Amino acid sequence: MSGDADGDLSLRGWAVPDGLEELHDLFERARSAHSEVEGAAFMMLETAVIEIAGNVVEHGRPSGRVQWSFELRVLPEVLEGVLSDDGQEYEGDLSTVMPDLMSESGRGLALAWAALDSLDYAREGDHNVWTMRRDR
């Protein structure tokens, strides 16, 4: 995890299960540093970030060798999280993220979408970039 003297909230590392704990820690630091932000906004963004990051950990290829970075921005009107990874391209369709009713998995993106005010995905060069926003 890294941060600068101005309180930048970001991290870089491997997309592995321990990285999810680092994301939780980053959000805890953000709550402490920005007590003026309603806790529910942080909670909803954190839920979405963990769901998408969990997908990168579980499905990112090559397994165990995907690197990611995350930046949390606390802006006047919105919380914004940007997760970038160098794994294979996401080939799903964000307009149809809900799985079949009988599926035992596959609800992570649907949950993330429901927790956010906006969710954008782009492939930039050799990176997946997920931009998540939650209004304050």
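Helices (H or I, at least four residues) and strands (E, at least two) are DSSP runs, numbered from the N terminus. The model is predicted, so local features need pLDDT of at least 70 and side-chain atom pairs count only at pLDDT 80 or more, while totals for chains, interfaces and linings use all residues. Residues are numbered from 1 along each chain as its sequence is written, and side-chain values use heavy atoms, without hydrogens and water.

**Exercise 1.** Determine in which helix E46 is found, and whether E46 counts as buried or exposed.

Step 1. E46 belongs to helix α2.
Step 2. Buried means under 20% relative accessible area, exposed over 50%, and partly exposed in between (1.4 Å probe, protein chains only). E46 has 11% relative accessibility and therefore counts as buried.
Step 3. Contact means heavy atoms within 4.5 Å. With neighbours within four places in sequence set aside, E46 touches H24, F27 and R31.

**Exercise 2.** Describe how α1 and α2 pack.

Step 1. Axes are lines fitted to C-alpha atoms, for helices over the stretch in contact, and angles run from 0 to 180 degrees between N-to-C directions. The axes of α1 (residues 17-33) and α2 (residues 39-59) come within 10 Å, crossing at roughly 165°.
Step 2. Angles under 35 degrees count as roughly parallel, over 145 as roughly antiparallel, 65 to 115 as roughly perpendicular and the rest as oblique. The two helices α1 and α2 are therefore roughly antiparallel.
Step 3. A crossing is left-handed if the near helix is turned anticlockwise from the far one by less than a right angle, and right-handed if clockwise. For α1 and α2 the crossing is right-handed.
Step 4. Residues of α1 in the contact include L20, H24, F27 and R31, and those of α2 include F42, E46, V49 and A53. Ala, Val, Leu, Ile, Met, Phe, Trp, Tyr, Cys and Pro count as nonpolar, Asp, Glu, Lys and Arg as charged, and the others, Gly among them, as polar. The contact of α1 with α2 has twelve nonpolar, two polar and two charged residues.

**Exercise 3.** Describe the packing of α2 against α3, and state which residues of α3 are buried.

Step 1. The axes of α2 and α3 (residues 108-115) lie 8 Å apart at an angle of about 155°, which means that α2 is roughly antiparallel to α3.
Step 2. Their crossing is left-handed.
Step 3. Among the contact residues are M44, A48 and E51 of α2, and L109 and A112 of α3.
Step 4. In α3, G108, L109, A110, A112 and A115 are buried; their cover includes α2 and β5 (127-135).
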